[in-house]
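Please read them beside the coordinates.

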Amino acid sequence: MGMDGAAWLAALQRDFPPSGTLAADVDALFAAHGREVTREHVPRVAHEALGLAQRFGVDPLAAQTAALLHDVGGIVSGARMPALCGGLGVPIVPEERQVPMLLHAKLSVVLARELYGVTDTGVLQAVRFHTTLHARPTPLDRVVFLADKLEWDQGGVPPTTPIC
């Protein structure tokens, strides 16, 4: 049985109402949840994504928005992610059960939509696939994926996927 996702979202909406400045809102969310490494990582990814977007003709606002939101699901510990996803009705594939931290991307999409009001399907897709990419990535997907890997925050060498 999943945890009460609706109550979790309602608490976040109450405690972290959007101010109109996404970067500040995301920073406050990470700070409140003690995610200092991610708090430092996300603005660097947003900066990198903006540069890549400008270089490769991708919408810079979409790239920056997706980059700012790509890790917000990481406010939840990996151990709690499967139950929370269950409570939110988010489908979980076997690989995500084996490596629950992969679910942070799906939770990031939920928060982008429900907490920050993002409806742009391209931005939401880039957030969703920033860790794993997928077989037919859009230029925005590639920008956010690459920006995240170029500003790697997990120690060691980032896992990469050929994106031909």
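1. Helices (H or I, at least four residues) and strands (E, at least two) are DSSP runs, numbered from the N terminus. The model is a predicted one, in which local features need pLDDT of at least 70 and side-chain atom pairs count only at pLDDT 80 or more, while totals for chains, interfaces and linings use all residues. Residues are numbered from 1 along each chain as its sequence is written, and side-chain values use heavy atoms, with hydrogens and water left out.

2. Overall make-up. The chain has 9 helices and 0 strands. Its radius of gyration is 15 Å, close to the 15 Å that the globule rule gives for 164 residues, so the chain is as compact as a globular protein of that length. The radius is taken over C-alpha atoms, and the rule is 2.2 Å times the number of residues to the power 0.38. Along the principal axes, the C-alpha atoms fill a box of roughly 45 × 35 × 30 Å.

3. Burial and contacts. Buried means under 20% relative accessible area, exposed over 50%, and partly exposed in between (1.4 Å probe, protein chains only). By that rule 41% of the 164 residues count as buried. Contact means heavy atoms within 4.5 Å. Of the contacts with a separation of 6 or more, 56% come from residues 24 or more positions apart.

4. Helix α1. Which residues of α1 (residues 5-15) are buried? They are Gly-5, Trp-8, Leu-9 and Leu-12. Seen down the axis of α1, these fall within an arc of 95 degrees, so they line one face of the helix. The arc is that of the directions from the helix axis to the C-beta atoms. Ala-6 and Arg-14, on the other side of α1, are exposed. The cover over the buried residues of α1 includes α2 (22-32), α5 (81-88) and α7.

5. Start of α1. A side-chain oxygen of Asp-4 comes to within 3.1 Å of the backbone nitrogen of Ala-6 at the start of this helix. The cut-off for a polar contact is a pair of N or O atoms within 3.5 Å; within protein, one must be able to donate a hydrogen and the other to accept it, and residues adjacent in sequence count only if both atoms are side-chain atoms.

6. Helix α5. Met-81, Leu-84 and Cys-85 are the buried residues of α5. Down the axis of α5 they fall within an arc of 100 degrees, so they line one face of the helix. Both α1 and α7 are included in what covers them. Just after α5, Gly-89 has a positive phi of about 75 degrees.

7. Lys-106. This lysine belongs to helix α7 (residues 104-114). Is Lys-106 buried or exposed? Lys-106 counts as buried because its relative accessible area is 11%. Its side chain reaches the backbone oxygen of Pro-91 at 2.7 Å. Leaving aside neighbours within four places in sequence, the contacts of Lys-106 are Val-90, Pro-91, Ile-92, Val-93, Glu-96 and Arg-128.

8. Ile-92. The loop between α5 and α6 (94-98) holds Ile-92, which is buried at a relative accessible area of 19%. With neighbours within four places in sequence set aside, Ile-92 is in contact with Pro-82, Cys-85, Gly-86, Arg-97, Leu-103 and Lys-106. Ile-92 and Leu-29 are 63 residues apart in sequence and 25 Å apart in space, C-alpha to C-alpha.

9. Leu-68. Helix α4 (residues 60-69) contains Leu-68, a buried residue with a relative accessible area of 11%. Apart from neighbours within four places in sequence, Leu-68 is in contact with Leu-22, Ala-23, Val-26, Val-42 and Ala-46. Leu-68 and Val-127 are 59 residues apart in sequence, and their C-alpha atoms are 9.1 Å apart in space.

10. Arg-128. Arg-128 lies over the face of Phe-129, at 4.5 Å from the ring centre. A charge sits over a ring if NZ of Lys or CZ of Arg is within 6 Å of the ring centre and within 35 degrees of the ring normal.

11. Leu-133. In the loop between α8 (121-128) and α9 (139-150), Leu-133 has a phi near 60 degrees, a positive value in a residue other than glycine. Most residues other than glycine have a negative phi. Leu-133 counts as buried, at 5% relative accessibility.
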